[in-house]
Every structure is written in structure tokens, then in C-alpha cells.
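Have the viewer open as you read.

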Amino acid sequence: LSVVPLIAGCNPSAYAELKSILIDGEYHARYFSHVLKLLQSSYICLGLSCSEIGAYKNDIDFLCDDKEAALIPIGGYIPKHDVSEHAKIDIDILQIQIFMNMRAYGAAKDCYMYGRNSHRSDDERRSLQQFANSVYLGVIPQYSTYTQYFDSFDYSDAMILDAFDEGPFFTSISSDQKTVIVVKTLQHMVMRMYALRGLYDAVESCMSEHSSRKEKSEQSWDEAAAFLIGSLEGDRRGDGLLLYSFANEMCEFFNTCAESGQALVNKKLITQMYAGQAEVESGNCNALQKTVDTIVPLLLIPSIQGSLYYASRNDGMDAGSPEADRAAGYVLTKAILPILNIADHGSTKTIEKNMDFTNNVPPVYEGQEIVFEAFFKAVENIDGIDCNDIDLSCGLDNKKNPAKSSASHSSAGRLVILALATILFLQHS
């Protein structure tokens, strides 16, 4: 009871299994090896190391290795460099989500502004606010598209702070909507853009004349993978909080999962990440640029699917509804509107007015069919995306209404438990 609750804020699946084995169920000695591995998976997040814990009865078979753990696959991608600290930025998002479900908004805002789990050094942490406002985002060609559309260089940070402070645009939001606005803005706007920074940094370093260009390029490439997939993904589906995990969630509703259950877009992503890794290794910078050009539109697919999903869920919802889905649809659409606007301005206007967050007009007031049609019309003009990437039945022929299920809230109950458990975790820290 003194240890297991602490793991809730680090590794949800490990927490659930340990709770089942050590608290709810009857423990058997044959579980020892499995329990030990679950505990070891949370050492770093808890501020511990393998060397500090040591081996049980000096048994080398049960001794873990901090360095070896640093290079384990993240979502099927094995980095060349240690980016384990970079990947732990998703634990900040997890803990922000837990704080906000507890309505501990001050603690959530502090975690956003100052960071908690992703360390640059012993004395310095990465923060999500730093990511949102990074001057290095200028290396991304699409960044100017976003800043021009939103008429702001700090558009995502402004949106998050406005939700935290219940500023002019979010004066009457529910607590659930407040949580969704912050968390999904982090997932779909802040983290996607910062991952793109890593990809373009890798190309820029590759093409430079710097003596360490290969190492810098490899590091940036691996960082991009860490920011797309995160530390929570591991080999367990459902724990992740970044784009990679969201794609796996959405593929179930759009018939775009592989037989393994992995989203087809994620399979393409991992293939391209390995291609880029090899191109960095060989110094083939032109090929690396083409690989980045292939990856960029792939990263739009989960957000497009999510927008369609919530358009379907929100169709028929009352104006001013306090439902979290209304806020989710708004944020996911915002995350891609600048790109859609270039592809088809008229369709973008239709999407924007139907998915806007306003208390005066019901969401999706023209009906989901109109919104779906506008999305697929715009997607036709985006290079690198086919309508089959979004929905194998190409959307308009799909009559199943994929979003009318409770699956999107499958983790809601778990978060209540995590919220309580994290109180102990934060007190311990």
C-alpha cells in the first residue's frame, strides 16, 4: 500500500497489474519475477535507479540496468541515442490530466509552466510551455502557416493559459471541458509541432558542415520519435498520451487498424522513422528530406480522424452543453484548420463554424454529413494523404456512424483512481 499507489502517476498499466496482484488478489511466489519487472519499469519516474535498488538477495538475474533500459523500443522504434528523458514529457501530460480531474488547477498549471518529469540535467527540466513557445519552431515550414492563421506566435500557449485562467473565450466552460482543452491542446498542437521541430532539425544538421552533424542529426531524429510516441507507450497499448497512442485509438472507429491492432498510420510512421535513421547514418540528406516530407502529412491523420469522430459524437448536442466532447472536437479541429485552410478555404469555413466552441450555436448544427463532406473535400488537396488513410470506406460511404460509442471515455474511471493515487505520489516526491 505504500508503494503501489505511487506508480499510478507514472505507469497506469503497471499500477493496474500491481494493484490486482498485490492488493486486490492473492499473491503467489510465482508472480515475483513479473512483479519485479513491473516495479522496475517505474524506477526512473519515481526518481530511483537500478543501482540504488540493487538485486534481490544479490541475484544477478533480477538486477536491472539503467542504461540498457534507456534504449528499449518506444512504440516499435529503437533510438540510437538515449532519449528516455525526452520521452518522459508525456508523464507531465498524464499528471496535468490527473491534477485537472482533481480540480487542482494551480498544480496543473505549475506542471505545465515549469515541468516535472523530463530532465535536461539535475537542475533543469523541460516544460510543455517551453515547447509551446520555443524559438526553434521557426525551422518548421508549416509553423508560419499556423502563426498566420491564428495571428499569434504563441497560439497554443495562449489557448492553454486562457483555459487555465478561464479567460475571455472560456468564461463558462465546465471542469471537464477545461481539462480536455488543456490536455488535447498539449497532445495535438504543442507536441506535434515540437516533434516536427526534431525532424526538421535532423535535416538541417545533416546538411550542415558541422563536424558533429551526424551525431546532432541522429539525436534530433530520436528526439522527434520520443515526442511523438512518449515513455508511457512501451509495449502496452492504451497507456500512451501522445499522437501515436491516439492514432491507435482512432483506427478502431475508421477501420484503419492492422491485424495486430496497431494503426496503419503508425506502421507507416515507424517504417519512415527507421528509413530516416538509416539516411542519417549514411549521410543521405536529400533522401532524409523526402522522408520528412512523407512523415509530415501522416501526423495529420489522427487529428483528422479525431475531428470526424467528435463531429459525429457532437451532432445533435445542445448549444452550451457542458460535455467534454464539445471541447475535444473544437481543439482537434483547431489543430488542423491552418492546413485545411490552405487546402480548401471554403470547406475550412464550414468545418470551423460547425466545430467552433460557442454557447450560442449547437455544435455540428448543419449535421455531421456536411462536416464529413467538407473534411474529405479538403483532404483531397493535401499531398501525402489519401481518403483511405482516414477511413478505408472513404468516409462518405460509411454509414456506421463510428463515433457513437462510449469508447472515448474508457479511461475516465481509471483517471479517478489515478487522481487519488497521485496525491500520495506527489507528497512522496
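Start with a pair of helices, α17 and α19, which are roughly antiparallel to each other (angles over 145 degrees count as that). This is a predicted model, where local features need pLDDT of at least 70, side-chain atom pairs count only at pLDDT 80 or more, and totals for chains, interfaces and linings use all residues. Residues are numbered from 1 along each chain as its sequence is written, and side-chain values use heavy atoms, with hydrogens and water left out.

Helix α17 covers residues 324-334 and helix α19 residues 345-355; their axes sit 9 Å apart at an angle of about 155 degrees. Helices here are DSSP runs (H or I, at least four residues), numbered from the N terminus. The axes are lines fitted to C-alpha atoms over the stretch in contact, with angles from 0 to 180 degrees between N-to-C directions. α17 passes α19 in a left-handed crossing, so the near helix is turned anticlockwise from the far one by less than a right angle. On the α17 side, Gly329, Tyr330, Thr333 and Lys334 meet Ile351, Glu352 and Met355 of α19 (contact means heavy atoms within 4.5 Å). Those residues divide into three nonpolar, two polar and two charged; Ala, Val, Leu, Ile, Met, Phe, Trp, Tyr, Cys and Pro count as nonpolar, Asp, Glu, Lys and Arg as charged, and the others, Gly among them, as polar.

Next, look at α11 (residues 175-207) and α12 (residues 213-229), whose axes come within 8 Å and cross at roughly 165 degrees. That makes α11 roughly antiparallel to α12, and their crossing is left-handed. Among the residues in contact are Met191, Tyr194 and Leu199 of α11 and Trp221, Phe227 and Leu228 of α12.

Searching the whole structure turns up three cavities of 30 Å³ or more. A cavity is a set of points on a 1 Å grid over the protein atoms alone where a 1.4 Å probe fits but cannot get out, and lining residues have an atom within 4 Å of a point.

α11 gives the most to its lining, with three residues.

Technical notes:
Helix = DSSP H or I, 4+ residues; strand = E, 2+ residues; numbered from the N terminus. Parallel < 35°, antiparallel > 145°, perpendicular 65-115°, else oblique. 1 Å grid on protein atoms, 1.4 Å probe; cavity = no way out; pocket = protein on both sides within 12 Å on 5 of 7 lines; lining within 4 Å. Points joined across faces, edges and corners; volume = space filled by probe spheres on them.
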